Amino acid sequence: MAGATFLPIHPSYIYMAEPYETLLKKAYANVTEPSESVERFTVPEAKAYIEGKTTVLENFAEIADVVRREQDHLMKFLLGELGTAGKIDGNRAIFNGKFEPSLINNLIKNYVDDYVICSECGKPDTRLVKDDRVLLLRCDACGGHRPVRKRKARSEQASQEIQEGAVMDVEIQSVSKRGDGVVRMGRYIMYVANSKPGQQIKIRVARISGSIIFTERA
Ligand SMILES: [Zn+2]
């Protein structure tokens, strides 16, 4: 009776009898065959540099193309977040003022999070659609849809210089690894303890360290 316990394993041994070379060839064929569903969505790193009193985003058109959004929409977002004026110049975007390339890169990531990636399934196969007056992000992959986050309040605050002791109303946007609520404002990132995304909170700026703002409830 003991021999019977070996039986379930047996068929797999037969399968393995296929020559190793054949298996290898098959494996290779699978790897090299282009497959759209496996293709990864990678937003190009922002190629930005400061030129005189302006900041040039050299691969602006390429980024808009990859995220499949209208150049005007992406440009409007960047101008709002930077709190400045600028123009599209061929494949480039030019912003008035000097901005760190890393800031531009972060803003593009924010744009992708808010206007491109589906929060339900994480895929970028989405479209912006207007439903009445509300802008929705509709996902072709899973059928999900959600309102696009409002950016206005943040943009207005971004153009202001933030000082310690300032009191302001903020909306929590995300949660940090440590569990604190996070608000991004232009070049600043603000942490609010014991808060959840979507919450509206009145805070006081307790301390500013570089671009990091520590807060307390006001
Ligand atoms: Zn989806």
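A: Thr 54 is partly exposed, because 16 other C-beta atoms lie within 10 Å of its own, and that count falls between the 12 or fewer of an exposed residue and the 20 or more of a buried one. The model is a predicted one. Thr 54 sits in strand S2, residues 54–57. What does Thr 54 touch, leaving aside its neighbours within four places in sequence? Its contacts are Ile 94, Phe 95 and Asn 96. Gly 97 is 43 residues away from Thr 54 along the chain, yet their C-alpha atoms are separated by 4.7 Å.

H5 itself runs over residues 101–115. Its 15 residues reach 21 Å from first C-alpha to last, close to the 21 Å expected at 1.5 Å a residue. Buried in H5 are Ile 104, Leu 107, Ile 108 and Tyr 111. Seen down the helix axis, these fall within an arc of 100°, so they line one face of H5. The general rule is that an α-helix has 3.6 residues a turn, so residues three or four places apart point the same way.

The buried residues of H4 are Leu 74, Leu 78, Glu 81 and Leu 82. Their arc around the axis is only 95°, which puts them on the same side of H4. Asp 72 and Lys 76 are exposed on the other side. Just after H4, Gly 83 takes a positive phi of about 65°.

Further along come the hairpins. Strands S5 (residues 126–131) and S6 (residues 134–139) pair antiparallel over six bridges. Two residues lie between these strands, and Asp 132 in this hairpin has a positive phi near 55°. Val 129 has Leu 136 of S6 as its bridge partner. Leu 136 also stands opposite Pro 147 in S7. S6 and S7 (residues 145–147) run antiparallel, joined by three bridges. Their hairpin has five residues between the strands, with Gly 143 in the turn at a positive phi of about 85°.

Next, an open sheet. Six strands stand in the order S8-S12-S13-S11-S10-S9, with mixed pairing. S8 (167–171) and S9 (174–175) are at the edges with a single partner strand each, so one side of each has no neighbour in the sheet. Within this sheet, S10 (residues 181–185) and S11 (residues 188–192) pair antiparallel over five bridges. Met 185 stands opposite Tyr 188 in S11.

Now the whole chain. It holds six helices and 13 strands. Of its 218 residues, 18% count as buried. Among contacts with a separation of 6 or more, 42% join residues 24 or more positions apart.

Definitions and conventions: Residues numbered from 1 in each chain as written. Predicted model: local features only at pLDDT ≥ 70, side-chain atom pairs only at ≥ 80, totals over all residues. Pairing = 2+ DSSP bridges. Helix = DSSP H or I, 4+ residues; strand = E, 2+ residues; numbered from the N terminus. Arc of directions from axis to C-beta. Contact = placed C-beta atoms within 7 Å. Expected span 1.5 Å × (residues − 1).
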